[in-house]
Amino acid sequence: MYWGYSTAYRQSFQPIWQTTFQQALAMIRSAVQGERHDELFYEELIRLAPDQMQRNIIASIRDDERGHNQMFRSMYKELTGQEIGPSPEVPFQKPVSYLDGIVSALFGELSAVEKYRSIWSGLPAGVYQNTLLGIILDEQKHAAKYNYLFALNQKR
């Protein structure tokens, strides 16, 4: 016979990043709203990169981010029946230097992981949560790439 802890006696546990479905939808909308700013930021980093290998790394991250935004837009449309309109133009601030831009991008990716974890918790199980998990893993991969670029350029 197998003995285990009965869930009937367990207190209701909620992770600190737990969100509701409505909060998750608002966070998806917010994630998409900053896409133009992010695009300009990545283009500036590509322009500042000291060599083609680094430009290629940043371009691959930029391309992943474009895909993420399309997935967020599609999820939002399927879940609400509404489209997310174009983002309002926001003033773009260029990074002070390539290395400062890399640091900013690194922490932006880590911040996205935290935000997307909250979105994940508010979405229905299945394809939506699985899609968010893939996006979260990409963001972690991006952070690792930016960490590599930072270390590479520290030597210079």
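Me: What does Arg-66 count as at 35% relative accessibility?

Reply: This is a predicted model, where local features need pLDDT of at least 70, side-chain atom pairs count only at pLDDT 80 or more, and totals for chains, interfaces and linings use all residues. Residues are numbered from 1 along each chain as its sequence is written, and side-chain values use heavy atoms, with hydrogens and water left out. Buried means under 20% relative accessible area, exposed means over 50%, and partly exposed is in between (1.4 Å probe, protein chains only). Arg-66 has 35% relative accessibility, so it counts as partly exposed.

Me: How many helices does the chain come to?

Reply: Helices (H or I, at least four residues) and strands (E, at least two) are DSSP runs, numbered from the N terminus. Going along the sequence, you'd read the pattern α-α-α-α-α. There are 0 strands, and the number of helices is 5.

Me: Which residue forms a salt bridge with Arg-66, with the closest N and O atoms 2.4 Å apart?

Reply: A salt bridge here is a side-chain nitrogen of Lys or Arg within 4 Å of a carboxyl oxygen of Asp or Glu. The closest N and O atoms of this pair are 2.4 Å apart. Arg-66 sits in helix H3 and its partner in helix H2, 27 residues away. That partner of Arg-66 is Glu-39.

Me: How many residues apart in sequence are the parts that Glu-43 and Arg-62 tie together?

Reply: The side chains of Glu-43 and Arg-62 meet in a salt bridge, at 2.7 Å from N to O. Glu-43 belongs to helix H2 and Arg-62 to helix H3, so this pair ties together parts whose separation, in residues, is 19.

Me: Which helix holds both Arg-47 and Glu-44?

Reply: These two side chains meet in a salt bridge too, at 2.6 Å from N to O. Arg-47 is exposed, with a relative accessible area of 54%, whereas Glu-44 is buried, at 7%. They lie 3 residues apart, about one turn of the helix, in H2.

Me: Which residues are linked with Glu-39 and Glu-43 in a network of salt bridges?

Reply: Side chains of opposite charge can pair when their charged atoms come close. The whole structure has 9 salt bridges. The network joins Glu-39 and Glu-43 with Arg-62, Asp-63 and Arg-66.
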